[in-house]
Amino acid sequence: MFSGTGHKGAGSGLPIGSISSSRSSENEKKGPRASMIYEEIAANKRRSFLLISFFVMFLLALGWIFGMSYGAGEAGVAMALAVALVISLVTFFWGDKMVLGISRARPVDRKQNPYLANVVEGLAIAAGVPTPKAFVIDDSAPNAFATGRNPENSSVAVTTGLLKKLNRLELEGVIAHEISHIKNFDIRYAMLVAVLVGTVALVSDWMRRSFFYRGRRKKGGAGSGLIVVVALVLAILAPVIAQLIRLALSRQREYLADASGALLTRYPEGLASALEKISKDTEPLEAANKATAHLYIVNPLLEHRGKLNSLFSTHPPAEERIKRLRAM
Amino acid sequence: MGGAFVVLFFILVVLGVPVLILILLYNKLVRLRNRSENAWHQIDVQLQKRADLVPNLVETVKGYAQHEKSVLEEVTKARSIYSQAGTMKEKADATNMLTGALKTLFAVAENYPELKANQNFLLLQEELSGIESKIAYARQFYNDVVLSFNNAQQVFPSNIIAGWFGFKLREYFEIEETKRDVPKVDFK
């Protein structure tokens, strides 16, 4: 239930050569059509809204069907929901510290890495959000994530591997993507979705169990046989459906962060090139596991990266993301 | 009486809904206006930061390039002009002047390898580069906000509200594209 979203800067490695920042010199090239990015963002928000609406309606329908097929017994559900709520609140307020702790992230030293600090601050200015706290993770696998319940309490982390392997434009693309997640409240969004999924799972579980015990009691006030069958089938399928919706939403938000990030830098090629490099890298990220995988900019669980797996992945396939960026 | 309530409810809706819409649209316009003001000041903040770097920079360069007095004086002069600038126009002019002076300074620094290797100089250079980027980002954000603000004032129905309450369209921040042939100090 952790939330975060998944960029590199100049350590002592990059030459502090040019006066004009690399960004401004690259803007002389033909830039992206900003109108296309705006359209992409608008379309994405519509899709997200539709998915969430569908999800809520699905949940309501579920509750209704379950209610129809079975008399009462809301107490169990209420308690389960209470537990879910507590877990959600804890994650909401402390999730970011937990995730940073697990990754052993250390704060960026402005003197050691002024470029990274400046990039984060500059892009936060472009996005109109407060500057997130910047962290570095000692891991040679290139990756990055952002976390935090709102822009005022947010953090961005990059691995040392990312800092080494990407050039300045690519790093800016990655950081822009992460800051876009913060600006779009994707972390909070993911929490909301996780709560919905959890609720569906709990309700379905309760339904399945009540069906199991049904035969041993006198039937009282239960609905007709057909409703019961439908309810049971749903009780089995609903959690899976809920997960698929959650993953679909997660992928949409990744595309949105890509587009929003491109709008910040006005240079989608930076992120496209970074994604190419990161996705080709086959080194496993040490700190990541299934629970935190969705946070990172590219899925750190290598077996989930290919196109075939994409329905079950929190991230869209890198090739598709790169294609969309280059079409902007 | 049931009938009376229905009538009352109906009146409430007919009057209430437009008022609600009016409030929402007006508030949105106010927020956008404030955001654009704030964004404008953000640019100012970054420009000021750049000006504040100058004394330190001049001192560092002086240590290695005493003979380049004219260049150093240019930069210092540009900075003091900037700090005295009051109106928007004065500030814009002073900004351009400082930008030009700094470019010349770094071009000249090319000839002093010891200076280029100086830690403090490198840090300042990086800081300056960072601030230049932030100035650009601040301008970009300002323009983005102005776009939203102007849109809100022109689309229907908020254009009506904008007219009633005297909202004015804001100007974009257009940089005069000062020649970007910055002498690239490349270490390749």
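What follows is a short exchange about helices in this predicted model.

Biologist: At roughly what angle do the axes of helix 4 and helix 6 of chain A cross, and what does that make the pair?

Modeller: Helix 4 covers residues 114-127 of chain A, and helix 6 covers residues 168-183 of chain A. Their axes come within 10 Å and cross at roughly 50°.

Biologist: Which residues of helix 4 of chain A make the contact with helix 6 of chain A, and how many nonpolar residues does the contact have?

Modeller: On helix 4 of chain A, the contact is made by Val119(A), Val120(A), Leu123(A), Ala124(A) and Ala127(A). Helix 6 of chain A brings residues including Leu171(A), Ile175(A) and Ile179(A). In an α-helix, residues three or four places apart point the same way. By class, the contact has 1 polar, 2 charged and 9 nonpolar residues.

Biologist: Where is the kink in helix 1 of chain B centred?

Modeller: Helix 1 of chain B runs over residues 2-64 and has 63 residues. From first C-alpha to last, helix 1 of chain B reaches 92 Å, close to the 93 Å expected. Helix 1 of chain B still has a kink of about 30°. That kink is centred on Pro55(B).

Note on methods:
Residues numbered from 1 in each chain as written. Chains lettered and ligands numbered in written order. Predicted model: local features only at pLDDT ≥ 70, side-chain atom pairs only at ≥ 80, totals over all residues. Axes fitted to C-alpha atoms, helices over the stretch in contact; angles between N-to-C directions. Helix = DSSP H or I, 4+ residues; strand = E, 2+ residues; numbered from the N terminus. Contact = placed C-beta atoms within 7 Å. Nonpolar A, V, L, I, M, F, W, Y, C, P; charged D, E, K, R; others polar. Expected span 1.5 Å × (residues − 1). Bend = angle between axes of the 7 residues up to and from the residue.
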